Amino acid sequence: MKLKTRLMISFCTIILVPVLLFLIIMLTTGNRQLQYLEEYGNRLEQYEQEGTYDGSAEQEIEGAKTTLPAAARMVPEIRSFLKNMAIAAVLVLVLTASLLIVWIYTGINVPLMKLRKATHNIAEGNLDFTLEAESDDEIGDLCRDFEEMRRRLYESNEEKIQYDRESKELISNISHDLKTPITAIKGYVEGIMDGVADTPEKMDHYIRTIYNKANDMDRLINELTFYSKIDTNRIPYTFNKINVSSYFEDCCEEVGLDLESKNIDFSYFNYVDENVEVIADAEQMKRVINNIIGNSIKYMDKPKGRINIRVKDVGDFVQIEIEDNGRGIGPKELPYIFDRFYRTDASRNSSMGGSGIGLSIVKKIVEDHGGKIWATSKPGTGTVMYFVLRKVTVE
């Protein structure tokens, strides 16, 4: 019951109870007086109509002389009756008001005490509790709003804890992964300084290794920088119309050279028309492809690796498929591979390197392009990554 309704009921009750009580008293007393006057008036009317006085008038007068003193003797009793009635009315009013006050006080004080306890819990940093609203009035609405606020604060606090945990994990991963190429670079540079690379072939090998390790460091730093932009929604996109065939042909040519140096077979298949276009950021889409292929290389466990890229026309979208013959992903792990810092095998990831945010970056970029990304995989056979981009409508 609404608090406003309670107050209205209380007000009306306090007013109506004494009014009704006094009306009952007045009606009861008034009826007696009316009966007496009516009876007396009837007698006088009878005398006037008959026009005779058979001595009854003298008897009435004599009776009146006898009745009046008796009525006078009843005045104290009437006063006592009225006094008792007044006291009873006051007691009824006090009792009614007391009950109403207790009713209203209980309806307000109990939830207020719960709110006070809840505010103390929040002030002490405890958000793991529940505030239940038992009434359907304004106080109940306040309790429900307070509970909603507590729930959101709890979720926000949990998200902050999770974010801090993930940030620490990211720093740990990046530190570990940066330490590996730095150690290798120092070792090869010391080898060159000590004259170990005493032939042109060894010198070329050392320099290429240093270059590759420096690229690994650059990639990790870029991932860290890009991760900070994702969290603040400040990814620098430059959207333009891109011809699908030309773009992916150039991109795959570059990817093919890199995979060839790693002894991985690469194939590219284009199934879209020459004039098909999408609106995308060329640089960020290249990041998507490189991250997916880099992930495939990282988990390649076959003596002869293989990666295929297929570009297909699927109605209003262009679908890109990147297939590998790596170790695959288990069905329980597959739904979480695009989550930040998720690792299908923490021990192997740690040795292989990687920040754990590569696929989460891919998902963010694809979704910001209005597309979606998913994967299928079979352990021991390989994984296929799919993502789609909306085609430019030709008018």
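User: Glu147 and Arg150: buried or exposed?
Analyst: Both are buried, a label that takes under 20% relative accessible area, with exposed meaning over 50% and partly exposed in between (1.4 Å probe, protein chains only). Before we go on: this is a predicted model, where local features need pLDDT of at least 70, side-chain atom pairs count only at pLDDT 80 or more, and totals for chains, interfaces and linings use all residues. Residues are numbered from 1 along each chain as its sequence is written, and side-chain values use heavy atoms, with hydrogens and water left out.

User: What makes the side chains of Glu147 and Arg150 a salt bridge?
Analyst: The rule asks for a side-chain nitrogen of Lys or Arg within 4 Å of a carboxyl oxygen of Asp or Glu. Here N to O is 2.8 Å, so the pair qualifies. The two residues are three apart in helix α3 (residues 138-193), which puts about one helical turn between them. Helices here are DSSP runs of H or I, at least four residues, and strands are runs of E, at least two, numbered from the N terminus.

User: Which residues are linked with Glu148 in a network of salt bridges?
Analyst: Arg151, Arg152 and Glu155 join Glu148 in that network. One of the links, Glu148 to Arg152, comes in at 3.0 Å, N to O, and these two sit four residues apart in helix α3, again about one helical turn.

User: How many salt bridges does the rule give?
Analyst: The count is 16. Another of them joins Lys302 and Asp301 at 3.1 Å, N to O; Lys302 has 27% relative accessible area and is partly exposed, as is Asp301 at 39%.

User: What makes β5 and β7 partners?
Analyst: Pairing takes at least two DSSP bridges between strands. Strand β5 (residues 317-324) and strand β7 (residues 382-390) have seven, running antiparallel, so they pass. Glu323 stands opposite Val384 in β7.

User: Why are β2 and β6 said to stand at the edges?
Analyst: The open sheet has five strands in the order β2-β4-β5-β7-β6, with mixed pairing. Each of β2 (264-270) and β6 (372-378) has a single partner strand, so one side of each lacks a neighbour in the sheet.

User: Which residues does Phe387 touch?
Analyst: Leaving out residues up to four places away in sequence, its partners include Met285, Val288, Ile292, Ile320 and Ile373. Contact means heavy atoms within 4.5 Å.

User: What is the pLDDT over residues 68-73?
Analyst: pLDDT is the predictor's confidence in each residue, from 0 to 100. The protein averages 77, and 73% of the residues score at least 70. Over residues 68-73 the pLDDT is below 50, with one contact beyond near neighbours in sequence. Residues 346-353 also stay under 50, though the model has 11 contacts for them beyond four places in sequence.
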